[in-house]
Structure formats: structure tokens, C-alpha cells
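Reader: Could you walk me through this one? I'd like to look at the helix packing, then the chain contact, then the sheet.

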Amino acid sequence: MTALELISLINQVLFIGLFVVVLWHALRRRTRASWNTALLLGGVAVAVALSRVAAWVGLDGAPAVTALTLILLSAVPFAMLRLVDDFSGSPRWVQIAGAVAFLALGMLTVAGMGEVTAPLAVATIGFFAAVGGYAAVVFALESRRAHGITRRRMTAVALGAAVFIAAIVGLFLGVLVEPLGPIVALIAQLLALVAVLAFFLGFAPPAWVRRAWREPDLRRFLERSVHLAGVADEHAAITELERAAAAAFGATGASIGLADADRRIIRYALPAGGWSEFADDVYIAGRAFTQQRRVVAHDAPEADPDHALAYEEAGARTVIGAPITTDDRRIGVLTVYAERAPIFVEDDLWLLELLASQTGLLLEARTLTAHASELRAREDATRLKEEFLSAAAHDLRTPLTVVLGQAELMERRAIRSPERPVDPAGLARIVREARRLRDLVAELLDAQRLEDGRAVLDRSAADVCEVVSAIRDRHAGNGVEISVRCPVEPLVSAIDRPRIEQVLDNLVENALKYGPAGGAPEVAVAHPDGYARISVVDHGVGIPEAERERIFERFYRASNAHDVTDTGLGLGLYICRRIVEEHDGRIRHDETPGGGSTFVIDLPLEPSVETAGEATPDPGLTLPHRISGERVADA
Amino acid sequence: MPDLRVLVVDDEVGIRATVSAMLEIEGYAVAEAANGADALAALENDPPDVILLDMRMPVLDGWAFAAEMRRRNHAIPIVVMTAARDAARWAGEVAATAFIAKPFGYDDLIAAVEQASLT
């Protein structure tokens, strides 16, 4: 036996071996795709076996053997066309044309009694090449659409189909080109083996190949599912998990239904956002959930005709589903779907259950996390309330001490020496501290109202410049000159005017309190993108950089506030911030160049630049405002 | 209790004035300081017999003042006066003889100062 013959023999044994494996597989699964795979490999394997047997019994070259071999080999493209249909679907005429061509070739071969005439050779090569090319293109396209293991399977098949054409062309070349015959024929045989191997891997991948191909996606699923336990957005977590599950199967899609036992519904995350709810027994998913068992529907529209349209729209011809359960608690259901049944491989049901239980663990972890953070939030709220009360009590006690002490002093003096006049300084102290108490109480109530979100009530269109001018006029009445700079055109914002005036008064009073003695604060109005911007500028002590974020917190007082004069609760800027935020605006502190504080308030402009009240200017003077659609979240 | 000198340390001028007036009626000699640093200066010039000490003050707070005072080997009894909830704990922290929680009345103040002056 020559080396060539040995290689050829090994090759042929491999063909037959693969066929036996695939046939065994088909006998067990009994699906159309597995029969077609067996037919594909069987055509080659039986033809190979036949030629061997014929050689042993001395019948090689006999016309009947040649004819039978040709017919067996043309079963290969026929089977391939059927597989294209199984995995991707193909037009009916292609199927019919394939069957007709198969029959015609068979009849021609029988009629010619095994003599390979030139027209028959051309027709056979044409049939093989056309089908191989078609299959290669369809599977290549399919592989580009698919993910994960399915992409690898389709790629293997597409490569197999391309190599298959080369093998067939080689086989015929080997017959036609005499001197190179044996070597070309051997190369063709090897190519055919590669093609058949590729088909085998693509159409009926053995377990170890499935595991290897699925491993990266499965690993990703498990990794993601651990991370997703901490993702706050439930919708985002579920849709990402669905994507990961679909990838692990190489399927078109997956959906996770979350059960609400009390309402007897299952809800699903919609891709565009939001949720849709269904009774917990509808769809194939509902069956898996209510019956608490895994469900396989090879033809979903047929299995659940009421929702046939929904399955078709989702590209869910085949659906497999498993309940998600932990510790006997029914959490939901996981379904995975594909356009074609053969996309799913043998152990996908086992994988489905694995992913369902992993999903169950994740959902359970999320529930626990949610419970924990809810508890934490409640504790935080309670703690804040306690801190609020304690800080408020602290700040009320100081003026109360003075009022009480001075009153007792007066009482004692009155008893000891009734003839003496009342101490005017003590009286003044009582009045001042009582007023301070009144203001503190008002401030506290105000902060509480803002906390409850019921402080900013009536918003109506007003010109921000006009509001600023009103503040200036009011202070001018008290002998304080504030310089105001406003643009020519009105800047209209929907505001609760008394509240915005309160904010401006507060900032101006701060500027007076912390600014240099006799120095007047400056107020400037501008309009960056979509906002009316009011800046209140002083040249006073400023605020240490590290504290500029915190000054807007409740009860926070800058460390250098004491240096000047301090009677407040530390609520003023907090109240300002809340009011501005309720207007969808923002407030921040900047350092004034050369020292001091600049408070910047941005209030959203009205989308239509209308003017408020009677102050309607010539429209020609009104500059167009660029309205930004996006609101910047405050830092 | 004449001839006893009391130093009132508080950043609130209203509190200082009220406490001083009460103590003067009872015959104490009173000095005032607006924070811990001023109080340390007063300590050097004219050491008092009792110190009435607010805790939260700018520049130098009650804790820092008490520590510095002891470092300088003064053993003057301290009465903590504060509006905070933690008055008793803070009093312990600065080893005060007594504490009074704001708002305190005339009798509370005098009783605390008398108690401190006896130690």
C-alpha cells in the first residue's frame, strides 16, 4: 500500500466514522435538521464505502457502481439545500428546484448506465457548485447576524460549503486530468473531509465543541449577573441580563419575566423602556411559569396560536422556557427564542435551567439589596430629622437663654428695688432676642415646607431683570445702594416671584453681612444657553474653597462665618438652593476675583420668549434666545 | 459671695451680658471674653476663681481653651454652659466641676457657680 493509498484509506474511515456519529445523533433526536445532517454525511460515506466494497469484489469501474456512487453523491447538495432551509429558511422554489435537479441527475445517470458523459459531468459539477455557493453565501450571512455559539456554527458551515465546492471541482479535475489524477483526487478527498468535518461541527457539534464555543458568553453571563446585583436601575439590569442570556445561547433573544404573585401577573422589560404586564399564564413563558416546568415549543406560533403574530414579530419561531425559582419562591420565568429550531443544541435545556437559577439568585440578591437600601434610606431620613431637631433646638436655646435670663433679672430687680426704672438695655436685649427667635422659627418652618416640597407654588412668567430691580429699589429705600446690571431685553422665566425675591434678599443680605463695611453688593443678570443667570457679588471674607459645596447643606455654616456676625440657623443657603431647584434651576458659589463671594443662580428661561406684564418692549429689540433642550443636572 | 472673680467666656454678646448682670447682682466680680483666646489672655492678666465656659466658639473653642489652661498649670474650676444636647459629656471631657444647659435660669447659674467656687 502506497502512502497515497494509506491517506486515502484513513480519510475514508473518517468519513464513515463521522456518518455513524451523526446517524446515532439523528436516531436519538429525530429532528428534521438532524436527519438532513445524516443524509448529507451519509451520501458521502455510503459512496465511499460502496467504492471500497466494489474494489474488494472486483467490481470497481462497473457502470452500475459508478451510477449509484453519483446518485449517492448528489444527495449531498440535496441535503444541503434542506439544511439551508432548516437553519435559515429558503424560498420554496429553491427547494423544488433542488429536488428536481436531484431527480433529473439521478435519472440521467441511470439512463446513461454509469457512463459519465460530458454534459452529465458539467450538469453535476454545476449542481454541486450552485448549491455549495448558495449555501456558503446564506450561512455566511446568517453567521454575521448571529451571536455566540450560533455565529461559530454558521461560520463553520459556510466555510464547509466553500471548501466543498473546491473538493467537487477537484474530484472531477482528477478524473479529467489523467497524469495528475491520483494526487488531485487525494487533495480533493482531503478537502471533502475538511468540508464534512466543518458540516459536522456546524450542524451537529459534539458536546466538547459546544462547551468550548459557549464558554466565553456563558462566562460573561455569569460575570454580568454578579455585577448586576448592585445596579440600581432594574430595567437596565434585566435587559442587559436578557442580552447576556441570548448571547450564551447564540439565540435571537431572551426575555425575563418577573412575577407578581399578588396580582397574578408577569411583567417584562420593554426594549424602549418601561414594562408590559401580562396575566401570569399567557404565552409559552406563562405555561413554564404556572406549570413550573421547562417548556420547549419548536413551532411557537403553532403551539400558542393566540399569540402567533407576537412570536412572528419577535422572530421567535422556537421558544424554550424555564421557571425562575429560589427556595420554592416563584420569582419569574426565563425564555430564550430563535428563528429556527436547530439554532438550539442538544444540552440547551440544561443550560436554560442553569441560567434560570443563576437569574433567580441575582434577582433574589437584588431584592435583598433593595430592602437594605430602603432600610438605610429610612434610617438616614430618621437621622436627618433627629439632627434637624437637635440643631434647631440648639439654635433656639441661645436666644431663649438671653430672653429668660433678662426677664428673671428684671423680675429680681423689680422686687429688690421697685422704685428703680426698668433697665432699657435689658429690655432691648429681650426684644432683639425674641425677634431672633421669631425669625428662627419662621426659617425652620420654611425649611420644613421646602423639605416637604410644598414651598414653590404659583409659578408665572416674570422678567428676571424686573425682579432684580425691585430688590434694588427696596434696599435703596433702606439706604443701601445695590448696583444692578441687566441686558436690554427682558429675560422671562416661570417663577414663584415671592420665593425668588426671598432668595435674592437672602443673598443680598449675606453680601451685606459678610462684605466689607459700607461696600455695596453688585447684582448682574445675563443669559447663557436657555437660562437667566443672576450673579450676586460681594468683596467680603469669601468662603474657604473646601467648604463651597457644603454651604448649601442644611445647618452648614462656613467656618469663618463666626468671624463676622452670626445669628442664623445655617438654613439660609439651604433654603435658597431648594427654592432654585424647585424652579428647575441651579445655584453655585464662585470666588469673586480679588476676594469675596459670588453666588450664581440659573433659572430656566421660558421656551417662548414672551414678556411679562405691561413691560412689553418692541419685538425688534428682543434678541433670539438659544434654548438648550437639555438641562444640566446640578453638580 | 463677694470678692470672687468669675470669667464669662461666650461668643454671644447677649449671653455674656445677661450672665454678667446676674452674677453682679449676687456680688461677683465679672470679666468677659468672646472666645478661648481672649479668655487665655484674661487668665494671665487677672486669674479668676471660676470660669463659665461656652464650648462651641470661633478662634479657640472650649476644649482647646481648657487643655491650654491646664497646660499652663492653672487649676481654676470650670462651669460648662452649652445649648448642646451633650452638655454632660462635654463637661466630662474638659473635667468641669459643673455644667448648666442653655436655656438656664438665674438660680441654676448661681447654684452652679457657687458649687464651683467651693471646690
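Reader: How are H9(A) and H13(A) oriented to each other, roughly parallel or roughly antiparallel?

Author: This is a predicted model, and in it the axes of helix H9 (residues 234-249) of chain A and H13(A) come within 11 Å and cross at roughly 160°. Angles over 145 degrees count as roughly antiparallel, and H9(A) and H13(A) are therefore roughly antiparallel to each other. The crossing of these two helices, H9(A) and H13(A), is right-handed.

Reader: OK, and which residues make that contact?

Author: On the H9(A) side they are Ala237(A), Leu241(A), Ala245(A), Ala248(A) and Phe249(A), while H13(A) brings Asp348(A), Leu351(A), Leu355(A), Thr359(A), Leu362(A) and Arg366(A). Sorted by class, the residues of this contact of H9(A) with H13(A) are eight nonpolar, one polar and two charged.

Reader: Switching to the two chains, how many residues does each put into their contact?

Author: Chain A puts in 17 residues and chain B 19 residues.

Reader: Which helix gives the most on the chain A side?

Author: H13(A) does, with 13 residues, although helix H14 (424-451) and helix H17 (561-564) of chain A also supply at least two residues each. By class, this side of chain A has four nonpolar, seven polar and six charged residues.

Reader: Last topic: what's the strand order in the open sheet?

Author: The five strands of chain A run in the order S8-S10-S11-S13-S12, with mixed pairing, and the edge strands are S8 (483-485) and S12 (586-591) of chain A.

Reader: In what sense do S8(A) and S10 pair?

Author: S8(A) and S10 (residues 522-526) of chain A pair in the parallel sense, over three bridges, and Ser483(A) has Glu522(A) in S10(A) as its bridge partner.

Terms used: Residues are numbered from 1 along each chain as its sequence is written. Chains are lettered from A and ligands numbered from 1 in the order in which they are written. This is a predicted model: local features need pLDDT of at least 70, side-chain atom pairs count only at pLDDT 80 or more; totals for chains, interfaces and linings use all residues. Two residues are in contact if their C-beta atoms, placed from the backbone, lie within 7 Å. Helices (H or I, at least four residues) and strands (E, at least two) are DSSP runs, numbered from the N terminus. Ala, Val, Leu, Ile, Met, Phe, Trp, Tyr, Cys and Pro count as nonpolar, Asp, Glu, Lys and Arg as charged, and the others, Gly among them, as polar. Axes are lines fitted to C-alpha atoms, for helices over the stretch in contact, and angles run from 0 to 180 degrees between N-to-C directions. Angles under 35 degrees count as roughly parallel, over 145 as roughly antiparallel, 65 to 115 as roughly perpendicular and the rest as oblique. A crossing is left-handed if the near helix is turned anticlockwise from the far one by less than a right angle, and right-handed if clockwise. Two strands pair if DSSP finds at least two bridges between them.
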